[in-house]
Every structure is written in C-alpha cells, then in structure tokens.
Amino acid sequence: MKFKVDKKYDGKTIYDIVKIEEPNKYQNYLGAIVKNTVYNLNEIVYEGDDVELLSSRSKDGYKILTRTMTLILALALKRINSDYLLEVEHFIGGGLYVEFSNGPEVNNEFVNELTSVMRDIIKEDIPINRKHTDKLTALKLFAAEGYIEKEALLETLDIDEVDMYFVDDYIFSFHGYLAPSTGFGKDFFLKLYYPGVVMMFPSPKSGDNIPTFYEERSLAKVFSSSKKWTDMLGIGYVANLNRTIIEGDYEYLIEVSEAYFENKISKAADLIVSDEEVKFILIAGPSSSGKTTTAHRLAVQMAVRGKRPFSISIDDYFLERDKTPRNANGEYDFETIRAVDIDYFNRDLLALLDGKTIQLPRYNFNTGKREMSDNFIFTDSDHPIIIEGIHALNPTLTYDVPDKNKFKVYISALTQLNLDKHNRISATDVRLLRRIVRDNNFRGYSVEETFDLWKNVLKGEEKWIFPFQDEADFHLDSALIYEIAILKKHAINLFDKIDDSYECYKDVKRLQRFLYYFRTIDDDNVVPLNSILREFIGKIDSK
C-alpha cells in the first residue's frame, strides 16, 4: 500500500495514520519505506512524503516480521524461565532454526508450552518500546540479562549510543527495526528439530499462510559441522573476531580458516579418486559462492593424487541467440536450464564415456553463436572431467549419464558467525557483499547495477539451484570467518557514493549498518593468493 501524506497528517507517525485509515487492517503492516529508506511505523512523516507500507509479503517487511517473531519467542522463553537463553542460528526448510541454552530440555512438551506462551504474548499486544541508551548503561543492562555476546560485541565498537528494545520488563537488542507491539506477530508453528526447533511463519512466498517445512538434510549437516568448528575455535560471534583483530592476532586465524576450507576440498578429492566409476565432477552453487576458485583448487588436489582433470564450461553449450528463451519481460533468459543445448551436451558426455575424444565448443557472447574451440578432451581413469555451473546438479542437465559416473559438489557461503545470540548474519547478504566488490573490481559495474542484477539472480537461485542442493554427494561451505573484515572497506567505499535518490539506497544503508559491527582488516596482502576471497577482491597488492 502506498500513499502521500496530506496536510492533516503532517507531523504524525506512520502508525497513527495507518490506525486511522486502516482501523481493521493496521497490524498487516510492519514498517514503511520513505525516501528509499526503511523505517519502523513510529517514524514521523510530513506533508508531501511518499510512504510505502510493508507487509510480510515484502522482502523488507519480512525482515521486520522475523525480528519481531524472534523477540516474541525470546520473551516467551524468559517467561518460562528467566535463565533460559535463545540462540538464533539460521534459516532452513522455510523457517528459522533456533536452539536454547542454560537448561531447557527440548521435547514436545517444552515446544507445546513455548507455543502457548507465544500465543498469549501476541494476544496481549505488548508495546515494543525502542529507546536510545548510552553505551555504559547498555553494557550494564546486557550484563544483568546474561547477554554475554552482546556485551562483548559492544565493548569492541566505537559508539556512544545503543538502540534497545524494552518489552514487558525485559530488554532486547536487534539489528534493525521491529513492529510497534507483539500484536503484530503472525500465526506460527514450532517444529521440533532436535536439538532445537524451527519456527515457521508467513513469508513472501507463502503469503498469509504458514509455509510447509521441508527438510534440507545435507544443508543442516553443513551448518552443524561449521558451528562445531567455530565453537572449537572460540570464534562463534563477531565480538570474538573483532577482539582478535584489535589484538593483532588475525593472521593466525586467517591461516586456520583457509586451512579448514582446503581440508574440506581435500576430503572431496579423496572421495572422488577413491571411486573409479566417477568420470564427471559436477560443481554447482549460488552466485558468489566461489565456484570458480573451488573448481581450480579441487583440480589441484586431484593432481596431487595423480589425476589430471579437464574442465567443461556449461556456458559454452548455450543455445544460439535466436533460440534462447526469453523471460516475462521479453529479455533473454540465460538463467533457465532451457538456455542450454542439453541434447548436444549429453551427446558429448556420452561420447566421452565411450572413450572418444571430443572437440569442445566455445560460445561467442558477442555474436550469440556457438563456435568450435581448439580444445580437444577425453576421459579415462586419470582424466576425469570437472563441470562447473549453476545447473550442474540438476538431473535434467546430464540426463543420459548414469549417476554412478557423477560426483556432485554443492558449494555455498553459509557464514559461521552471528552478531550475537539474537541476531544472525544472512548468508545471502555475505554473498551480495562479495558480488558487489567483485562486480566493481572485475566487471566495472556500479553498486546500483549489481543490485538490479541481484533481483533476477535470487529468483534464478530459488528456481534452478536451491531445489537441487540435496542431490549433492558433498557439500562445501566457502564462508571464511574473517572475510567480512576484509570486504568491509571495499564495500564501504562504494556505498559512500550512494544517496537516497537511488532505489537501492535502503539496502545499502542496511548493509552499512551491518558492516559497522565489524572491525576492519586493512591489509589485503594477508589474504593468501589462492584464497577464495581473491575471486572477489583481486590479486595481491605489489606495493
């Protein structure tokens, strides 16, 4: 819903206006956009302001709903036992996965009790009061509440004031806005997912309905493995990273982080070379997950084991331009698998399986025509084929090739760090930061151009990549514990050029606030030459 503020509402809050104009529907809206900036409903607006109200069906409204539902869950936990602490982990299966610390036994009885208390809190419509607090007071409040991670993070930041939420005699802090009261919470369902629960509530895809949980088994295992590793290192929260940077001990952390990722690649190589049936290694993952670097490092690890893989680019098998499908806007759709000449691709793969040598095509993106390259390849026990691309795990792409001849790798940046127990770090945001920096460094794209492309990228991932991640034989998490501390300065320099006249300003501002929680590693030269980060920040500075 959009409206322009008229004279009678000049100087009033958006909340007051909506309650008058939509007395029976005002709780459908969670926030608003004014001048390309996201605000909570308590923001004061003036005559002539254009206001766009945000429901849970919008991306920004859903973020506000997620934080509000998290607060309701945390408050319910406090009511059951004030010593219990909520630990927000990540999204999985269409819902928010959380765990609990300080004693609660997670079983059906506990989940039912938690559900009942949450429903009471929503019915009570308790005001959520946002207040500015000085740093010293905030530190004392965090300590009193047992928010060790929030206290530790604040101690590493150079700030004077903190925004805090006061609700029902309890305090909370969140990275971003919340709804005005708990009555704005939506219908929900808590699913026991040991050792925690998944909270399901309406999303942009499900509309006003609670989405159906779908189990992402492989992804859950990767998250669990990454969490165990960061807990072992004692770097589960941004405060730990910041303290390491402040104390100047980050180079060892970088070495360990890189070695951990290399060890994962090494394990994949061991599995591949131990299976003589494997002829094709298929690597897929969402944008900016580091597929190119991973494919190269996997090839190196296989070479150590006596294998010399060849590479095939799926892009070289695109249909010629006049046969390329178009999207709803009439533009060429290179994201769909239908843009690939699948039959031709499979004929080449079967020829390779038959022991034949093939001549690889090369797609000319300038002319939109397929040409033949000077590259001839074959496969045998010493020469498997690496195939990297967004559709690599889609069974349709390699429909003629027996599964026994495939080894499928899925890679994503799943981000092991959280800001604190209540504030998770979005894996999508980390990939977006990677892409913004890379697009500027290597493609000459502006921030706004990257954001324009990102919308379609996310749609393509939902349709063509994520549904096939459980097809993988091996999952790789390419997130590096220290990477945001490196990416920060690159992104901030680009963000400083964006003002509120740009449509992407609201997202830029959100990312700026997020990056503020991180200390910066100033010297890019500490990043190893073969690091996946080099795919985004470029080569080592020779100065």
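The side chain of Lys406 comes to 3.2 Å from the backbone oxygen of Val401, a polar contact (a pair of N or O atoms within 3.5 Å; within protein, one must be able to donate a hydrogen and the other to accept it, and residues adjacent in sequence count only if both atoms are side-chain atoms). The model is predicted: local features need pLDDT of at least 70 and side-chain atom pairs count only at pLDDT 80 or more, while totals for chains, interfaces and linings use all residues. Residues are numbered from 1 along each chain as its sequence is written, and side-chain values use heavy atoms, with hydrogens and water left out.

Lys406 has a relative accessibility of 8% and therefore counts as buried. Buried means under 20% relative accessible area, exposed means over 50%, and partly exposed lies in between (1.4 Å probe, protein chains only). Apart from neighbours within four places in sequence, Lys406 is in contact with Val278, Phe280, Leu282, Thr398, Val401 and Asp473, where contact means heavy atoms within 4.5 Å.

Lys406 belongs to strand β17, residues 406-412. Helices (H or I, at least four residues) and strands (E, at least two) are DSSP runs, numbered from the N terminus. In β17, 7 of 7 residues are buried. One side carries Lys406, Lys408, Tyr410 and Ser412, and the other carries Phe407, Val409 and Ile411; both faces are covered.

Which strands pair with β17 in the parallel sense? One is β12 (residues 280-284), over 5 bridges, and here Phe407 is the bridge partner of Ile281. Another is β18 (residues 474-477), which runs parallel to β17 and is joined to it by 4 bridges; Ser412 has Asp477 of β18 as its bridge partner. Two strands pair if DSSP finds at least two bridges between them.

Strand β5 (residues 85-92) has 7 of its 8 residues buried, so the rest of the structure largely encloses it. β5 pairs with strand β6 (residues 95-101) in the antiparallel sense, over 7 bridges. Ile92 stands opposite Gly95 in β6. The two strands form a hairpin with 2 residues between them, and in the turn Gly93 has a positive phi of about 65°.

**Backbone details in loops**

Asp125 is a residue other than glycine with a positive phi, near 50°. Its place is the loop between α3 (108-124) and β7 (129-134). Asp125 has a relative accessible area of 29%, so it is partly exposed.

Asp169 is likewise not a glycine and has a positive phi of about 70°. The loop between β8 (161-167) and β9 (170-172) holds Asp169. With a relative accessible area of 81%, Asp169 is exposed.

Where is the cis peptide bond that involves Pro195? The bond joins Tyr194 and Pro195, with omega about 10°. Pro195 lies in the loop between β10 (189-193) and β11 (196-200).

**Cavities and a pocket**

On a 1 Å grid over the protein atoms alone, a cavity is a set of points where a 1.4 Å probe fits but cannot get out; a pocket is an open set with protein on both sides within 12 Å along at least five of seven lines, and lining residues have an atom within 4 Å of a point. Grid points are joined across faces, edges and corners, and a volume is the space filled by probe spheres set on the points. By this rule there are 3 cavities of 30 Å³ or more. Two of them are listed here.

| Cavity | Volume | Lining residues |
|---|---|---|
| Largest cavity | about 60 Å³ | Thr415, Gln416, Leu417, Val430, Ala479, Leu480, Ile481, Glu483, Ile484 |
| Second largest cavity | about 40 Å³ | Asn40, Leu41, Asn42, Ile128, Arg130, Tyr165, Leu178, Ala179, Pro180 |

The lining of the largest cavity has 6 nonpolar, 2 polar and 1 charged residues. Ala, Val, Leu, Ile, Met, Phe, Trp, Tyr, Cys and Pro count as nonpolar, Asp, Glu, Lys and Arg as charged, and the others, Gly among them, as polar.

The second largest pocket holds about 1500 Å³ of space. Its lining has 48 residues, and those closest to the centre are Phe334, Glu335, Ile390, Arg435 and Val457. Elements that each supply at least two lining residues include α9 (291-304), β13 (310-313), β16 (385-388) and α11 (427-443). Helix α12 gives the most, with 9 residues. By class, this pocket lining has 18 nonpolar, 15 polar and 15 charged residues.
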